[in-house]
Amino acid sequence: MITVHHLNNSRSQRVLWLLEELDVEYRIVRYQRDAQTLLAPAQLRAVHPLGKSPVISDGDTTVAESGAIIEYLVGKYGNGRLIPAAHSAQRLRYTYWLHYAEGSAMSPLLLSLIFRRMPQAPMPFFARPIVRGVAAKVMKTFVDPQLKLHFDYMESELARNPWFAGGEFSAADIQMSFPVEAGKARGLIDAQRPRLMNFLECIHARPAYQRAMEEGGDFAVLG
Ligand SMILES: N[C@@H](CCC(=O)N[C@@H](CS)C(=O)NCC(=O)O)C(=O)O
């Protein structure tokens, strides 16, 4: 049976959702983030040296990195479901979005998390105004314009097709759900970006998504 090493409030939620969509049996081993640092507990390093979530094990096989896990599960258990036909235009889009989610979209989202939290970190009182000023400058000159670029792009792509890879829901939408949810948590998705709003409504309405939420416990992407 597949074991999902599941960290609360994490990308691992996508793996539970995919397994529910594919109707594959699995069990969950749960890990809690440290309340202060938000890091995963050290036990996760016994499963994979980086100690990040998600990681799955399937018999003797251990797979980390959400995109690789999705490829593995869709390839082994999908029977052609949730992936467009090989060599089609949709398949190339599928591959693109599967990589884009972690390879491009998450970088500015992570930077925004870091630079927005930076001024609240413990530091000598005289340093705080300087740190606040530097963080605000980086946000304004680099991070915010990059976030706008990426979220405008995602919005425009959904004008071409209802789902990221094309007309059909696919595992690329599952992979893209995390940056889109993170964008919503950072206030980047509102009436100005109606297609991304609609994407979120559509995925939240899927029964498999709802079952994964029940299995995974409370889920709120870090805002
Ligand atoms: N690109 C990796 C990112 C994995 C990752 O950073 N996971 C986060 C949770 S969303 C994590 O484990 N954070 C806790 C830590 O770094 O200790 C993937 O998509 O699987």
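F125 and F126 are both exposed (over 50% relative accessible area; under 20% is buried, in between is partly exposed; 1.4 Å probe, protein chains only). This is a predicted model, where local features need pLDDT of at least 70, side-chain atom pairs count only at pLDDT 80 or more, and totals for chains, interfaces and linings use all residues. Residues are numbered from 1 along each chain as its sequence is written, and side-chain values use heavy atoms, with hydrogens and water left out.

Now the rings. The whole structure has 12 aromatic pairs (Phe, Tyr or Trp, its six-membered ring, with centres within 6.5 Å; planes under 30 degrees apart are stacked, over 60 edge-to-face, the rest tilted). F125 and F126 make one, edge-to-face, at 5.7 Å and 80°. W163 and F199 make another edge-to-face pair, at 5.9 Å and 70°. W163 sits in the loop between α4 and α5 and F199 in helix α6, so this pair ties together parts 36 residues apart in sequence. Both W163 and F199 are buried.

What else is buried in α6, residues 194–204? L196, F199, L200 and I203 are (helices are DSSP runs of H or I, at least four residues, numbered from the N terminus). They cover an arc of only 95° around the axis, which puts them on the same side of α6 (the arc uses directions from the helix axis to the C-beta atoms).

Last, α5. 13 of its 15 residues are buried. After α5 comes G187, with a positive phi near 80°.

How values were computed
Helix = DSSP H or I, 4+ residues; strand = E, 2+ residues; numbered from the N terminus.
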